[in-house]
Amino acid sequence: MWKYDPTRDRYAMRWQRRYESLPEDVRRRLEEWNEMISQLDRENRTEEYQLRVIKRSRVEPKAGDVFVLSPREGLYFYGKVMVAKIKNETNSFINGGYSVFIFKCKSRKPDMSGYKPDYNNLLIEPAIVTRWYWTSGRFYNVGHEEITEEEKRLDYGFYESGRDLFRKEDGTILKKEPKIWGVYGITTYIGIAYKVQRELVIDPSLAEFDE
């Protein structure tokens, strides 16, 4: 078990290490992009970098649902619901939410044609979201694949920075840092969009297709 240190934030430290490892031209692009995002935030124009609306739905997401999200016209990345209607008695915000994984596999159309999930090569870290992502049309279900035994054994969790520890969706404290982890808390309505768009700034080839 790690020792608690209130001065450390493992999430921020992980990003800082990654940022420093990037080539100078990529870091420059990121700085310019962040300046633009900050300006849009100040002007309440966050919709300009929000995920595109695909189709609004009143669907009740289930574990195993495969969905798409679209940061740009004609570009759809895939995601999968790992846990639905999370039961968390210690955190009312997370309770009832959904943990999702978002992959680098993509398609030009909102269907299952390009779905080839790779948990060793995620687009962004796992996240906990609300049903708003579906009702607003930012996530759109295109299929369903039951959670496999391999997926059930995935070494993943979520980091609670205030206490410097890792948990599962239900609040269970993990004894060690998991291989795959995101933030313990609900991702805001622009959180997924920001992280996905940032990845496209870092690696523009993510938006390209082999002809």
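Is R45 buried, exposed or partly exposed? R45 counts as partly exposed, because its relative accessibility is 35%, which falls between the 20% and 50% cut-offs. This is a predicted model.

- Five strands make up an open sheet, and their order is β4-β3-β2-β1-β5. The pairing is antiparallel.
- β4 and β5 (140-144) are the edge strands, so each of them pairs on one side only.
- From one strand to the next, the twist averages 30 degrees.
- Strands of a sheet pair through backbone hydrogen bonds, in either a parallel or an antiparallel way.
- Strand β1 covers residues 65-72. Four bridges join β1 to β5, in the antiparallel sense.
- Look for F67 in the model: N141 in β5 stands opposite F67.
- Helix α5 (residues 191-202) packs on the sheet. Helix α5 touches β1, β2 (75-83), β3 and β4. The direction of α5 makes about 175 degrees with that of β4.

**Salt bridges**

- The whole structure holds 17 salt bridges.
- R45 takes part in one of them: its side chain meets that of E48, at 2.7 Å from N to O.
- E24 forms another with R28. Their closest N and O atoms are 3.8 Å apart.
- Both E24 and R28 belong to helix α2 (residues 24-42). They sit four residues apart, which is about one turn of the helix.
- How exposed are these two partners? E24 counts as exposed because its relative accessibility is 55%. R28, at 41%, counts as partly exposed.
- D111 and K109 also meet through their side chains in a salt bridge, with 3.8 Å from N to O. D111 has a relative accessible area of 24%, so D111 is partly exposed.
- R10, D164 and E177 are linked in a network of salt bridges.

**A buried glycine**

- G114 lies in the loop between β3 (98-107) and β4 (122-129).
- Why does G114 count as buried? Its relative accessibility is 16%, and buried means under 20%.
- Setting aside neighbours within four places in sequence, G114 contacts Y78, C105, K106 and S107.
- Y78 is 36 residues from G114 in sequence. In space, their C-alpha atoms are 8.2 Å apart.

Conventions. Residues are numbered from 1 along each chain as its sequence is written. This is a predicted model: local features need pLDDT of at least 70, side-chain atom pairs count only at pLDDT 80 or more; totals for chains, interfaces and linings use all residues. Side-chain values use heavy atoms; hydrogens and water are left out. Helices (H or I, at least four residues) and strands (E, at least two) are DSSP runs, numbered from the N terminus. Buried means under 20% relative accessible area, exposed over 50%, partly exposed in between (1.4 Å probe, protein chains only). Contact means heavy atoms within 4.5 Å. A salt bridge is a side-chain nitrogen of Lys or Arg within 4 Å of a carboxyl oxygen of Asp or Glu. Two strands pair if DSSP finds at least two bridges between them. Axes are lines fitted to C-alpha atoms, for helices over the stretch in contact, and angles run from 0 to 180 degrees between N-to-C directions.
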